[in-house]
Amino acid sequence: MDSLTLTINGEARDINCDPATPLLYVLRNDLDLTGAKLGCGLEQCGACAVLVDGEATLCCNRPAGEFAGKEIVTIEALENDAVGAAVQRAFIAEGAAQCGYCTAGLVIAATSLLKANAAPDRDAIVAGLEEHLCRCGSHGRVIAAIGRAAKEIGNV
Ligand code: FES
Ligand code: FES
């Protein structure tokens, strides 16, 4: 069996897996980090997003081996990140989820967006969510939540 070392949520993890396995499967099946979801498996829905070196990255279709040496952060550890924690509070305050299947990916996308642009206007928020689908139609509340998080971060 091949093995691979990845840095995930601040820890070096040695994993027995084929490095060609998509990162999402390694997270969910080998490490029990099931917050990132499998939606399309084709980099078209955003459900699988994780932070890689601080940037939202779709990981359903990219080999885990590509992520060696990078800092991967999943939704499970996002509360340890000041921006990520503010985004999560704002999603809760705005009720920005229905079934929740897309939510982890959206929270990751919002965190990535606010790290790059602390005060995005509505157009910038919409552009930041471009890769993310929500079958339940919660985007209006998601946009409101990101605006709320931006205000909170600006107030800190
Ligand atoms: S599951 Fe990765 S983008 Fe849809
Ligand atoms: S809340 Fe159900 S898919 Fe987005």
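Leaving aside its neighbours within four places in sequence, with which residues is Leu 33 in contact? In this predicted model, local features need pLDDT of at least 70 and side-chain atom pairs count only at pLDDT 80 or more, whereas totals for chains, interfaces and linings use all residues. Residues are numbered from 1 along each chain as its sequence is written, and chains are lettered from A and ligands numbered from 1 in the order in which they are written.

Leu 33 lies in the loop between α1 (23–30) and β3, helices (H or I, at least four residues) and strands (E, at least two) being DSSP runs numbered from the N terminus. Contacts (C-beta atoms, placed from the backbone, within 7 Å) link Leu 33 to Leu 27, Arg 28, Thr 74 and Glu 76 once neighbours within four places in sequence are set aside. Thr 74 is 41 residues from Leu 33 along the chain, yet their C-alpha atoms are separated by 7.7 Å. Leu 33 is classed as buried because 20 other C-beta atoms lie within 10 Å, the criterion being 20 or more, with 12 or fewer for exposed and partly exposed in between.

An open sheet of mixed pairing is formed by 5 strands in the order β2-β1-β5-β3-β4, where pairing requires at least two bridges found by DSSP. Strand β3 (residues 50–52) runs antiparallel to β4 and is joined to it by 3 bridges, and Leu 51 has Ala 56 as its bridge partner in β4.

Helix α2 includes among its buried residues Val 83, Ala 86, Val 87, Ala 90 and Phe 91. Just after α2, Gly 95 adopts a positive phi of about 60°.

How values were computed
Two residues are in contact if their C-beta atoms, placed from the backbone, lie within 7 Å.
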